Amino acid sequence: SGGFQMVSLVSLSEVTEEGVRFRSPYDGDETLLSPEKSVEIQNALGSDIIMQLDDVVSSTVTGPRVEEAMYRSIRWLDRCIAAHQRPDKQNLFAIIQGGLDADLRTTCLEEMTKRDVPGFAIGGLSGGESKGQFWRMVALSTSRLPKDKPRYLMGVGYATDLVVCVALGCDMFDCVFPTRTARFGSALVPTGNLQLKKKQYEKDFRPIDNDCACPTCQKHSRAFLHALLHSDNTAALHHLTVHNIAYQLQLMSAVRASIVEKRFPDFVRDFMGTMYGDPTLCPTWATEALASVGITL
Amino acid sequence: MDIPACLLYTKTGSAPHLTHQTLHTIHGLPAMAQLTLSSLAEHHEVLAEYKEGIGKFIGMPELLLYCSLHDPVSPCPAGYVTNKSVSVWGLGGRVEMTASKFMAIQQALQPDWFQCLSDGEASCEEATSIKRARKSVDRSLLFLDNCLRLQEESEVLQRSAIIGVIEGGDMMEERLRSARETAKRPVGGFLLDGFQGNPATLETRLHLLSSVTAELPEDKPRLICGVSRPDEVLECIERGVDLFESFFPYQVTERGCALTFSFDYQPNPEETLLQQNGIQEEIKYVDQTKKIKTTSCNQEMTSFEINLKEKKYQEDFDPLVRGCSCYCCKNHTRAYIHHLLVTNELLAGVLLMMHNFEHYFGFFHSIREALKSDRLAQLKELIRRQAS
């Protein structure tokens, strides 16, 4: 919807009740992005899911600005709902705000769930906040969102975060991480990641992951990718991008299968064991978050 | 392999921008790929330990492989050839090779063909002296004889064919000597070196080219390096050249352009009209030689292509080339490619490379068809009309 850019481009933007005004650093041109304009653009793009324009503040911000942004997001949600020209074809999701303040977030949840939208996103997280605060806000949000509508946690993320947040009740995720890290030469594997540019992979003739069915792992070795990454051929980046996306999709597919087959807690234990060497070695915040929903490691 | 043909251009053993899967969506892929020693020499140790050859290492076991010394796109600095060694320039710096080091590297690579170590610097400066031209021939023959001898001592190396390199600068006498002497050796084919440059410099050397190929046996392939433009390709085919590099579509891609020239030398009357109108329009808009700075080539745009960065493509919902069967033309529009270029997305390079390769390979297919039906003159006229 353009909301996140209020954070990422905060120095080039100005927020008022009307909308957010962005200034181009190249030619000084200004663009006003209002809830109406955002929905208009998304209607033209024709995506199946569209997002409300929310008033987003960085999760490290404290004070009255957080409360202002939360209430404004509710008002902007209503404006987006009113402006939406294609509710039969495109699903408008609300975005829960309220920062790291439990009271503010609760208020936001109460208000937004009064609106009949097809889905809810959990926003304002996955910035610079501590993981301890992060999981508590996620859990709070999922506990108060309807069970029969998708819960989309924006900006997540790393494999561990995905698994834990599924346990906390989230359904959908998005993140630049797997493709961005691919472009930096990092391949995702069940034990973490391989920094393929490093010398240790120069003569490693195995694929990135023996069990991975992606085209990169079917055809190429770590050694070849290492050599290609040190060249100026962008194909290296594409090989890793394909693999990392496959990794993510495989992970979520395995998560789903374990849920359907009623063995999700075992899956989580296995996952943590592989990732951290031992389930008990997984980060404290993850252990606490999982415990809160009855999964012990 | 059907000839005339082009070789698939690669960088560090991979088609530029393309994964194996993406590469294989391209129709008319050449049977042989070109690898460059300049991009692979620094990985010598790794390949030696790998043992199974460069084809398998890069994931192209199904293609024939030809290993050239240099990358035609990035000419290396002159002044590094001695009587004993030749240097190539990789991304990690200079790699100096004596004949034995060179053959050791080829032993690790195990390509089907490889260009022999040679002295290509007689054609580097504006006016070569007869002395320098003579030296290039002498040195290259010496390298060739040394390499052939080393090949005799190795079973692995005998599985590859050495391509003899014809040198001699712009001196007819030396060129003929180079051709005759090289032809006496048991080489698998011939590389005509020193004809690269621009269309103007090639034109002055066409006479030389004809004389050289006349000295070479008919039953061994003649490759040329540094010549890839459609008009130049046709001139060289008429003068006995069989195999070309396909770096031109790569250069076009790097400047954000798409090949659009027609090679349909016998279209139906309706198509002719549409095409003529199309060509007219493109020529009208193409200004005199535009210099487009890109990361890897400072080449000027040709009239065989359109520049997708131009604002006029912002709302052009046609494919790059109407009727093209490539993935890009079947799925995307000029407007989309324009958008990708403006937003600096890597996908622009991927899609443009797919189109430009397919278009170029289609051109070579039309050359072979034209030769079979004795219509090369028509094709040549069509290309000439479109050359700037």
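A salt bridge is a side-chain nitrogen of Lys or Arg within 4 Å of a carboxyl oxygen of Asp or Glu. One such pair joins the two chains here: the side chains of Asp232(A) and Lys11(B) meet at 3.3 Å, N to O. Across the interface of chain B and chain A, the rule finds 3 salt bridges.

The structure is a predicted model, in which local features need pLDDT of at least 70 and side-chain atom pairs count only at pLDDT 80 or more, while totals for chains, interfaces and linings use all residues. Residues are numbered from 1 along each chain as its sequence is written, chains are lettered from A and ligands numbered from 1 in the order in which they are written, and side-chain values use heavy atoms, with hydrogens and water left out.

The interface may be taken as a whole. In it, 24 residues of chain B are in contact with 21 residues of chain A, contact meaning heavy atoms within 4.5 Å. The buried area, that is, the accessible area (1.4 Å probe) that two parts lose on being put together, summed over both, is about 1900 Å², and carbon and sulfur atoms give 68% of this area. On the side of chain B, Val46(B), Phe57(B) and Leu346(B) lose the most area to chain A, together 25% of what that side buries.

Polar contacts are pairs of N or O atoms within 3.5 Å; within protein, one must be able to donate a hydrogen and the other to accept it, and residues adjacent in sequence count only if both atoms are side-chain atoms. Between chain B and chain A, 8 residue pairs are in polar contact, both residues being at pLDDT 80 or more. Helix 1 (20–23), helix 3 (44–50) and helix 14 of chain B each supply at least two residues to the side that touches chain A; helices (H or I, at least four residues) and strands (E, at least two) are DSSP runs, numbered from the N terminus. Helix 3 of chain B gives the most to this side, with 4 residues.

Ser14(B) lies in the loop between strand 1 (5–9) and helix 1 of chain B. Not counting residues up to four places away in sequence, Ser14(B) touches Phe224(A), Leu228(A), Asn233(A), Ala235(A) and Met60(B). The side chain of Ser14(B) also reaches the backbone oxygen of Leu18(B) at 3.4 Å. With a relative accessible area of 4%, Ser14(B) is buried; buried means under 20% relative accessible area, exposed over 50%, and partly exposed in between (1.4 Å probe, protein chains only).

Within chain B, Phe363(B), Ser366(B), Ile367(B), Ala370(B) and Leu371(B) in helix 14 meet Leu376(B), Leu379(B) and Ile383(B) in helix 15. The axes of helix 14 (residues 346–372) and helix 15 (residues 376–386) of chain B come within 8 Å and cross at roughly 145°. Axes are lines fitted to C-alpha atoms, for helices over the stretch in contact, and angles run from 0 to 180 degrees between N-to-C directions.

The loop between helix 14 and helix 15 of chain B holds Asp374(B), which has a positive phi of about 55° although it is not a glycine. Asp374(B) counts as exposed, at 70% relative accessibility. Lys51(B), in the loop between helix 3 and helix 4 (54–57) of chain B, has a positive phi of about 70° and is exposed, with a relative accessible area of 61%. Most residues other than glycine have a negative phi, and most peptide bonds are trans. A cis peptide bond joins Ile3(B) and Pro4(B), with omega about 0°.
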